[in-house]
Amino acid sequence: MRALHADTGYLLYRLGMRSGQLFNSSLQESGLRLRHYALLRFLATSPGPLQRELSASLGYDPSAIVGLVDDLEKLGFAERRPAPDDRRSRIVLLTENGRSFLRDTDEAGQRVTNDLLGPLDADERETLHVLLQKVAEAGLG
């Protein structure tokens, strides 16, 4: 294991897997998964994105986006509407129920983060966040 722990990419992979497991466990009662939460969080900060743009923004396969939006619509957390400038396209909007769900899950998300980053002090957490953000913005667009 020592050699694997010397590989930063492997450590990022393992932490990502663990983060996803913890987050999915915290969402289990709602029936949603981390991918749903990420889409809701994106919708909360993006006023009416086109459905076809969501896959590029989130890095999900376009067919997965359709299913995720379907799931969120069934729960009343999101809705599709015709795009104002192109009635053939659909935008996806967060509903008030979706906003409420996000508020309710923020605490669970913070607990997951605290569990993962427990060994780090506040300054180390901030440094890690800034570095991850820098790598993500350069590599994920």
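View 1. Beyond residues up to four places away in sequence, His5 touches Tyr10 and Leu11, where contact means heavy atoms within 4.5 Å. His5 belongs to helix α1, residues 2-5; helices (H or I, at least four residues) and strands (E, at least two) are DSSP runs, numbered from the N terminus. Because its relative accessibility is 44%, His5 counts as partly exposed; buried means under 20% relative accessible area, exposed over 50%, and partly exposed in between (1.4 Å probe, protein chains only). Between the C-alpha atoms of His5 and Arg33, which are 28 residues apart along the chain, the separation is 28 Å. This and the following views show a predicted model, in which local features need pLDDT of at least 70 and side-chain atom pairs count only at pLDDT 80 or more, while totals for chains, interfaces and linings use all residues. Residues are numbered from 1 along each chain as its sequence is written, and side-chain values use heavy atoms, with hydrogens and water left out.

**View 2. The largest nonpolar core.** This core has 21 residues, and those with the most contacts inside it are Leu39, Leu40, Leu43, Leu54 and Leu72. At least two of its residues come from each of α2 (8-27), α3 (34-45), α5 (62-75), β2 (86-94) and α6 (96-116). A nonpolar core is a set of buried Ala, Val, Leu, Ile, Met, Phe, Trp, Tyr and Cys residues joined through side-chain atoms within 4.5 Å. Leu72 touches Leu32, His36, Leu39, Leu40, Phe77 and Ala78, with residues up to four places away in sequence not counted.

View 3. Ala64, Ile65, Leu68, Val69 and Leu72 of α5 are buried. They lie on the same side of α5, because they cover an arc of only 130° around the axis, the arc being that of the directions from the helix axis to the C-beta atoms. Ser63 and Lys74, on the other side of α5, are exposed. The cover over the buried residues of α5 includes α3, α4 (51-58), β1 and β2. Just after α5, Gly76 has a positive phi of about 80°.

**View 4. The pairing of β1 with β2.** Strand β1 (residues 78-83) and β2 run antiparallel and are joined by six bridges; two strands pair if DSSP finds at least two bridges between them. Arg80 has Val92 of β2 opposite.
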